[in-house]
Structures are given as structure tokens and as C-alpha cells.
Amino acid sequence: MDRRHLLKNSLALGGLACLGSTAKAQPQRVPLMDRPFNLAPIRAHVDRIYDIKCCIRPFRTKGPRLDVEQIGDAMVIHNYGHSGAGWSLSWGSADMQVQKAMSRSPKKIAVIGCGIIGLTSALMAQRAGAEVTIYTKDVFQRTRSVRANGSWTPASHMALASDAPSNLGDVWERMTRISWKNLRQYIGMAGNPLAFADHYYLSDTPFDEPLPPPPPSPVPVPEYYELGDRIGDITPTLQVLTPDLHPFPAKYARRTTRLFFNFSEYGHLLISDFYAAGGKMVMRDFHSPGELAHLPEKVIINCPGYAAHDWWKDTAMVPHRGQTEWLIPQPEVNYGLTYRNVEALSKSDGVMMIDIGARNGLPKGYGNSNEVPDRAEAERAVRVMEELYSRFPANPV
Amino acid sequence: MRLRNFLAIPLLLTAGIASAQTPARLSIWDGVYSEAQAARGHTLYMQSCARCHGAELAGTFETPPLVGRFMPYWSGSTLDALFDYVSTSMPLDRPGALGAGANADILAFLLKSNEIPAGTKELSAGNLKSIHFDSAKPRRVRK
């Protein structure tokens, strides 16, 4: 139960996953079959940074917007504001919203936006039998979705406790479970659009050591809606590893297994499926909700992500900046780790690193809408890993 | 040829009379900003916008360009829509930080950068709703 609680905390951070500090996990014996071996070191050097990506999570204080609105003679079904859980919840959210759309038996459906929510909404609508046109100002590869972490983090800060609708927990669980079922079909496919990897949490001090008081925050620290322990049955537990069971030069270690998306392969697959089913893509920008009434399609699924802050004037949208740094791919590395508030994960298109910030106080990037990549931040993150791997026994520097 | 010119004269005169009677449809192509205003806007743009959109307005892989597809994306609206967007959503990290005058100047610079000709009047926040964002110079309809 404690371990579960820990993992829940880590999942809740989405894109920023790290461990909670309060649980008291007991060491457990790790059988031989679970012992890690042959872990290749990450070549963590700043000159291997080949991309820095920055985006704004579409955090919505009231939780994802899923209501239906009439604009002129068009039925607009909202599907945005999934915070750091868009990749994880996309299929479940799309399923729910497409069901609402199909209640009018439309022959044609418009989808606004081509991030991961828009794309999965479009595919779900096609699978429900509709002809779908996506209206988007950017192709998928340029959306904020592709600048995210892209890990299975379904419980990533869904709403503020004070603003969440009373049924959010139930809605979230439904979205999560439908998504999980849908994602199953992509596991094991060529190119690994979706893959599992072991993730190590490393620390120089005990995980349950109390954190120092957080630095003063210029804005109130958000109190997030508590989703509770709802998906324990599909969530791997967290194992405690004694120093003789892992190669890392850190005194304390834990391990779990996490699911993640490889953007290139997964994105390519979804877009190919969309076109193969006769989907159309129209490059277009919208400036006011009223413009939707002029579309030929009268059933519209609205998936603008953070852009809802501007064009729908949705004041519940709060920017939450996140940055990932990308090092040259290392296919021989098949795991991820978190150490000194930096997370690393080996993906097909690079070794991704993130400075996830301190575990207490204002979440890093909360309220920040600066989307310009910060090279200094990227180098700091890489240097934390460089220092760790300089002590890695298999790779003396 | 001569006949056509001959016929065109009264038509133009008629159109002139018509426009005097009802206000003409105003377009961004009608010289709605001044060169001086665009120059001020250029300075403001470099201070507040260029960090993301670039000195050449070309954008980046992630940041939208403010030339090229900028025209079709905004065409069909009136200039108040663009002004409202810039005023309330930009700069991205400090939305609404610039005043109405500064935003009008930046708009003038954006129009100039998209090869919309300048005029003698300055763009002001007051009458933007009447200025149509046409992607190409509209042909005057003969009546």
C-alpha cells in the first residue's frame, strides 16, 4: 500500500514524475529474475544535446473541458485541458467525446487541432463511421504534444482541489482505463511506438527523509485534486533495491516499470491510419469561437490544447511550462532513471532528460508561459547525469 | 477599345458617387497605417516579439511565422481580431503586457512586413473592426 502510494505520487507529477517523500517503503528481497544486469551507461555530455523542446501543459483548474456547447447551428464538443496527461488519457477522452458526437448521427465530423487529443479524437470518430476533417494551424510534429514528455502519466495534475467537478475521479478513471485498453494494440509493434522500460529512482539520502522547507513562492502553491488509488491493478509496484542489486553509484534505489511513447513511430502510425481511413487535413487558424459556425461540418470536436486560453478565452487554463533536452539516441540503453531532480529516459529518438524541479513548493514551471528553450537549464540537467555516470562502475571517466 | 473606355467613364463616375453616399468597405490594403508608425512598431517588435518570432518574422519550428502563412491564417477576419489576439495573448510569457498604442504600432509593422502598403493615417485601436483583413488587394466592384 505504501509502495502504491509512492507510485501514485510519482505518476501524479506527469512529465515530472518523481517520488513522494512521505511513504515508508520497506526493503524487499528481489528475486534473481528481477535483478537488473548489463545496464548500459548513458553518455551524458552537453555536447550530445541535439535538441531542446519546450511546451506549455494545458493545465485547467477545473479539470479537462468535456462539455458540449452550441455555436450557431454547430454542436461543439470540447476535448481539452488534460494537463500533463494528454498522451495518457487521449484515447479514453476521445472515446467519451466521440460518443457524444455520434448522438447526432453525423456523416461528417470536424476536429479542431492536431495534437495528441485531436488526432486520437479524429481516429475514434473515423472508427465510429464518420468522415473526418482535421482543421489545424500546425501539423502534428509541430504541436505542443510532441514537445511533451510522452510517458504514461495519467494522473498528472488533473485539476485544483477547490475547482474540480465532483465526478472528476470517475471520469478520469474511465478515460484512463479506456486509454489503457486502446494502447494495448500498439505494444510490440515494429518500431516500438509504445514501449515499457524499467525506471530507477536513485537518491543519496533516504527517500523518506523529510524535505527542507520550500523556498517562498510568489504565487499560491496549487493544491491538486486527489484522484485516489484507482488504477492500482494496472500499475506496477515499486521495488526497493539494495546497493548490491544495481550498478548505480547511489546509496538508495527503487525501481518500477513505466510505459512511454516513441513520438516518431507512434505519431507516424496515427497519422497514417488517419489518412488511410480517408481523413482530410486542412491548415487553418481560428480566431474566435463564432468562426466554427461557418464550417461545413455541424458536429465539431474541439481540441485546441493550451490555445483555448487565447482563442476560447478560457480563464481556467493555467500555463505550466516544461522542457525536455534530447541527447543522441542510445539504443543500447533500455531504461530510465531519476536522480537529484533530473529524469532521464532512453527513447527511440534520443535520450530525454528533464529537470523536474524540487519535490516541494511551487511545481517547476507552474504559471509560466515562456516557451523559449533554456539552454542553461538543459546543460544543468545533463551535468547532473554526467556526474552520476562519471561514478558508474562500468564506465569510469 | 475606344468604346470600352468611353463606357467606363460614366461607370467610374457612378461608382464614385455611390462611394460618397455609403462608406466604402475598408481593407488593410487602403493605406491604414503610416510608415512612421511601422517604424515605431519595428522597434517595439524587436524588444518584445523577436525573441520568439525572430528578427525576420520567420518564426521557428515551434513558433509561428508572422509572414507567409500569416496572411491566409488571418484573412477573412477584421483587424480587431488580430489586435485583440496580440493585446491579450502576447507576448506569450507576459500576455497583455503592452499597451494599446504599442500594439497598434506592432500591428502596423506586421502589415508592412507582409507588404501591405502604408498610407498617411495611423492605425488606432478605435476603428479596427471596420478594416477587413483581405489576403489580396480587393478589386473595386463596378456598379
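Predicted model: local features only at pLDDT ≥ 70, side-chain atom pairs only at ≥ 80, totals over all residues.
Residues are numbered from 1 along each chain as its sequence is written, chains are lettered from A and ligands numbered from 1 in the order in which they are written, and side-chain values use heavy atoms, with hydrogens and water left out.

I begin with Ser264(A), which belongs to helix H5, residues 263-276 of chain A; a helix here is a DSSP run of H or I of at least four residues, and a strand is a run of E of at least two, both numbered from the N terminus. Ser264(A) has a relative accessible area of 44%, making it partly exposed, that is, between buried (under 20%) and exposed (over 50%), with a 1.4 Å probe and protein chains only. Its C-alpha atom is 21 Å from that of Val282(A), 18 residues away along the chain.

Tyr266(A), together with Trp87(A), has the most contacts inside the largest nonpolar core, which has 62 residues. Such a core is a set of buried Ala, Val, Leu, Ile, Met, Phe, Trp, Tyr and Cys residues joined through side-chain atoms within 4.5 Å. A second, separate core of 54 residues includes Phe286(A) and Met317(A).

Turning to chain B, we find six helices and two strands, in the order α-β-α-α-α-α-α-β from the N terminus. Of its 143 residues, 38% are buried.
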